[in-house]
Amino acid sequence: MRLDPDRRVSLAEAASLVQPGMTLALGGNLLYRRPVAFVTELLRRPHPPTDLTLLAFTAGYESDLLVGAGCVARTRTCYFGLEAFGLAPMFTQAASAGSIQVIEETEASIAMGIRARMAGVGFMPSHAWQGTDLPRLRPDVKTVRDPYSGDELIAFPAISADVAVLHALVADRHGNARLNKNLGIDPELCVVAEHVIVTAERVVDRLDDADLPGILVTGVVEAPRGAWPTSCYPNYPVAGGEILRYMDACAGDAFDAYVDRLAGRA
């Protein structure tokens, strides 16, 4: 049987896929298994991509870095913050100033939009959002009539991405990846994205027990501690001290200096 081709690439090669105006989907959940090394590589580029649409089930530290660097024009997520550490400082500042478009999403709207894309249809009907003011905030979300029951339903538009990036505990050179138990919506993001990048704590020759099949993956990158300072259980926990240093830097107008240090420029 012919194996998948070798999909190993460098971090710089993987990051070069992200171009201005694209929709970038980031995997992981809250402060767990976030693709920080990939985001850092984007910021290391002489001209980081701009006008990005950021798609994430939940957005955290790595997403706030992109917002602070001026890479993100609009967000699609049902949560943007740093859990017990408080608000995401650069996102909060940008959203308050109106310099970034916040596309209102909930767990249901993201799930339905992704299901529509996976099904190859333009929308997915649901009872979600009925009886709320959310449709007023999203005029692009229409209603449809159920042809069987006659009920009026919310028609959530399909959601897709140009590039999806997720961090794995281990992957093989063919792109098969193990994500551990907290999958979030990583497998689904990989189905709706045109290109999928997997960064992994380590890359082995062959992996037989995988959560993500390599056939979906465009490139795989070996990136030890690639989720730090977010956690990658059981390899390492959240680096709370680093998260606090980040928040102090943002509060003291030292965001650029923090990014320079993170990217190895200082």
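Let's start in a loop. P229 sits in the loop between β13 (219-222) and α8 (240-251). Helices here are DSSP runs of H or I with at least four residues, strands are runs of E with at least two, and both are numbered from the N terminus.

A word on the source. This is a predicted model: local features need pLDDT of at least 70, side-chain atom pairs count only at pLDDT 80 or more, and totals for chains, interfaces and linings use all residues. Residues are numbered from 1 along each chain as its sequence is written, and side-chain values use heavy atoms, with hydrogens and water left out.

Back to P229. The peptide bond that joins W228 to P229 is cis, and its omega is near 15 degrees. Now look at P234. The loop between β13 and α8 holds P234 too. The bond from Y233 to P234 is cis, with omega near 5 degrees.

Next, two residues with positive phi. L30 is in the loop between β1 (23-26) and α2 (36-44). Its phi is near 55 degrees, positive in a residue other than glycine. The cut-offs: buried is under 20% relative accessible area, exposed is over 50%, and partly exposed is in between, with a 1.4 Å probe and protein chains only.

W129 lies in the loop between β5 (123-126) and α6 (134-137). W129 is not a glycine, yet its phi is positive, at about 75 degrees. W129 counts as buried, because its relative accessibility is 6%.

Now the whole chain. How many helices and strands does the chain have? There are nine helices and 13 strands. The radius of gyration is 19 Å, close to the 18 Å that the globule rule gives for 266 residues, so the chain is as compact as a globular protein of that length. That radius is taken over C-alpha atoms, and the rule is 2.2 Å times the number of residues to the power 0.38. Along the principal axes, the C-alpha atoms fill a box of roughly 60 × 55 × 30 Å.

What about burial and contacts? Buried residues make up 50% of the 266. Take contacts (heavy atoms within 4.5 Å) between residues at least 6 apart in sequence: 69% of them join residues at least 24 apart.

Last, charge. The chain carries 24 positive and 32 negative side chains, and the centres of the two sets lie 3 Å apart. Lys and Arg count as positive, Asp and Glu as negative; His and the chain ends are not counted. Each charge is placed at NZ of Lys, CZ of Arg, CG of Asp or CD of Glu.
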